[in-house]
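This report describes selected features of a structural model.

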Amino acid sequence: MLGFFEKIGDNFLYYLEQAGRMGVFLFNCLINAFKPPYKIGPIVRQIHFIGARSIFVIVFTGAFTGMVLALQGYYTLTKFGSEGFLGSAVALSLIRELGPVLASLMVIGRAGSAICAEIGIMRNSEQIDALECMAIDPHKYLMVPKFIAGVISVPLLTFVFDVVGIFGGYLVGVGLFGVNEGAFFNGMYSSVTWQDVHMGVVKSLIFGLLIIWISTSKGYFLHYERSGGFGAEGVSRNTTNAVVLSSVTILVWDYLLTAILL
Amino acid sequence: MEKDIRPAVIQLIDVEKSFKSQQVLKKVNLSILEGTTMVIVGASGQGKSVLLKHMLGLLKPDKGEVRVFGKDLAKISKKELKEVRQNYGVLFQNVALFDSMTVFDNVALPLRERTKASEKEIKANVDEKLSMMDLQGAGEKFPAQLSGGMQKRVGLARALVLNPKVVFFDEPTTGLDVSRSNEIYRLFYRTQQQLKYTAVIVSHDVPKIFKLADYVALVAKGQVQGCMSPEDFQLSDLSEIKTFVKETMGPIYSSEEEEMGFYETL
Ligand SMILES: Nc1ncnc2c1ncn2[C@@H]1O[C@H](COP(=O)(O)OP(=O)(O)OP(=O)(O)O)[C@@H](O)[C@H]1O
Ligand SMILES: [Mg+2]
C-alpha cells in the first residue's frame, strides 16, 4: 500500500520537475529572443523548414477539410432548406476552429517531430555540451530561430489552410451541389466577423509557440527522461512522446482559448 | 624541483562524484597552474573524462569545489560561467562535431558566433587552422564522411580556432597513426610556446605524452594519485604510480636521457 502512494508521489514529483525545467527553458528562450545580436539567416532557414516545406501538406489537407465540411454541411443544411448558409458554415468552422488546429497538427507531424529528434540527437552526441563549452548559448543559437520561425509560420500556414479550405468548400458546394454562388459568398461575408479572424490568429500564434516549446524542450532534456533517453531508441521514444504531448496540448489549449475568447 | 609559484587556473578541492551507487571520484584534489601543461593518465574507466567534465562545468560535484580563475563553478551565474568558458578550447573524447555541418562550418562556428570577424577573415583563419591540421580540401565534407583520426583533427582545429587561454584535450591522439600523433605533439608544443596557454590533456599515449607535460597526474581508484613532474612521476615510490609506470612503460624506459630533447630536434 505504501509502495503505491510512493509511486504516485514519485510520479508527481517527476512531472512537477519536468514542468519546472520546461518553464525555465521557455523563459530562457524568450529572453534570448530579444537579446542582440539578431541574426536573420538562421530564422529564414527555419521558416523554410517549418513553414515553406509544410505548404504542400497544408494545401492538401486544407482542401479536403473544406470539401468534407461542405459535403457534411450541405447534407445537414438541406434538411432545413437553408443551404444558403453553407458558405458561412464552412468559413466559420475553418477560421475559428479547424484551420488553427489542423494546421498545427500537421506542423507537429512534419516539423515538431523533426525538431525534437534533431535536438535529442545533438544532446545524445554531446553536441549541446560542445556548444556550451564554446560559450555559445544553445537557447540563443539553436532554439530562438525555431521559436521565431514557429510563431511566424504557423499563423501563415493557418491562413493558407483557411483560404484553400474555403476554396475546397466552394468547389463542392457551388461546383458539385449547385449552391448559389452569390449566396455562398454573401453569407460568408456577412457572418465572419473581425472577432472570428482574431480568434483564429491568436490561436495559431499560441499553437505555434506551444509546438516549438514542447518539441525543443523534449529534445533538450532528453537526458532527464526516466528511461535515460539512451541511443537511437531513446531518441525515437522521446520523439513519439513529444508528438503525443504537443497534439494533446494543442487540443486542450484549443478548448481553453475558445472558452476565453468567445 | 623548486616550488612552482605560478597562480592556479583550475583548482579541484575535495571533489566527490557518484553516478547512482557508483562512486567515481573520491575526494579529488588537483591544481592546474597558469601556463603549464597537465597530463592526466590512468586506466580506462577510472574517471578521467568525468574529471575533465567537472572542470568544464558540465558536471557538478556532489561535494567539494571546482574553482576556475578563483570562481566556484557551482556558485556562479550562467553569465559568469559563459565568461569563464570564453577562455576554453575543448576537444571531447568522442569529438562531438556538429554532424549536420561541414568541416569548414564546424571550425568557423566559434568565430561566427563569438566574434565580429568578416566572412573573409573567417575563411582565412579557418583555412589556416585546417591546413595546420593537414586537412586541406576536407572543408566541404561532413563529419560522417571523415575517418576517426580526421575527426579528431577537425575537433582540435575547432578547439584552437579562437586561441583559447585554457585548453582541454580528451585523448587528442587516440586513433591517429604514429607520425600524425608526433606531428600533433609538435603542434601542441609550438602553439603552447606561442600562446602560453594552460593545457589539460588526458592521454593513454604514455610515455610520449610526458614530453609535453609540466605535470603528470594519475587517476586511479577514484583519486588523483600524486601530481608531479614527469621525471619524478617515473621515479615515484607511490605504489599506484609505480605499478602504472611499470605496466605502461616497462623496463625499457628506465633510462631517462634516451629521448631527451626529442621535440626540440624534430
Ligand atoms: N553519465 C554517466 N552516468 C553514469 N556513469 C557514468 C557517466 N559518465 C561516466 N560514468 C562512469 O564513470 C566511470 C569513469 O568514466 P570516464 O569516462 O571518466 O572514464 P575514463 O577514465 O575517461 O576512461 P577512458 O580512458 O576509457 O576514456 C565509468 O565507470 C563510467 O561508467
Ligand atoms: Mg575518457
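Which residues are the protein donors of the magnesium ion (ligand 2)?

## The magnesium site

In this predicted model, the magnesium ion (ligand 2) has Ser49(B), through OG, and Gln93(B), through OE1, as its protein donors. These donors lie 1.9 to 2.1 Å from the ion.

Ser49(B) is partly exposed, its relative accessible area being 21%. Gln93(B) is likewise partly exposed, with a value of 37%.

## The surroundings of ligand 1

Ligand 1 is surrounded by 14 residues. The closest are Ser44(B), Gly45(B), Lys48(B), Ser49(B) and Gln93(B); Ser49(B) and Gln93(B) are also the protein donors of the magnesium ion.

Several side chains make polar contacts with oxygen atoms of ligand 1. For Ser44(B), a side-chain N or O atom is 2.6 Å from an oxygen atom of the ligand. A polar side-chain atom of Lys48(B) is placed 2.8 Å from a ligand oxygen, and for His204(B) the distance from a side-chain N or O atom to an oxygen atom of ligand 1 is 2.8 Å. On its own, ligand 1 has 630 Å² of accessible area, of which the protein covers 63%. Strand E2 (22-33) and H1 of chain B are the elements that give two or more residues to the shell around the ligand. H1(B) gives the most, with three residues.

## Helix H7 of chain A

Which residues of helix H7 (residues 181-191) of chain A are buried? They are Phe184(A), Gly187(A) and Met188(A). These residues lie on the same side of H7(A), because the arc they cover around the axis is only 100 degrees. The face turned away from this buried side carries the exposed residues Asn186(A), Tyr189(A) and Ser190(A).

The cover over the buried residues of H7(A) includes helix H4 (86-124) and helix H6 (138-176) of chain A. At the start of H7(A), a side-chain oxygen of Asn180(A) comes to within 2.8 Å of the backbone nitrogen of Gly182(A).

How values were computed
Residues numbered from 1 in each chain as written. Chains lettered and ligands numbered in written order. Predicted model: local features only at pLDDT ≥ 70, side-chain atom pairs only at ≥ 80, totals over all residues. Heavy atoms only, no water. Buried < 20%, exposed > 50% of the residue type's maximum accessible area, 1.4 Å probe, protein only. Helix = DSSP H or I, 4+ residues; strand = E, 2+ residues; numbered from the N terminus. Arc of directions from axis to C-beta. Contact = heavy atoms within 4.5 Å. Polar contact = N/O pair within 3.5 Å; in protein donor to acceptor, adjacent residues only side chain to side chain. Donors = N, O, S within 2.8 Å, 3.2 Å for Na, K, Ca; no water. Near = heavy atom within 4 Å. Areas by Shrake-Rupley, 256 points an atom, 1.4 Å probe, with all protein chains shown as cover.
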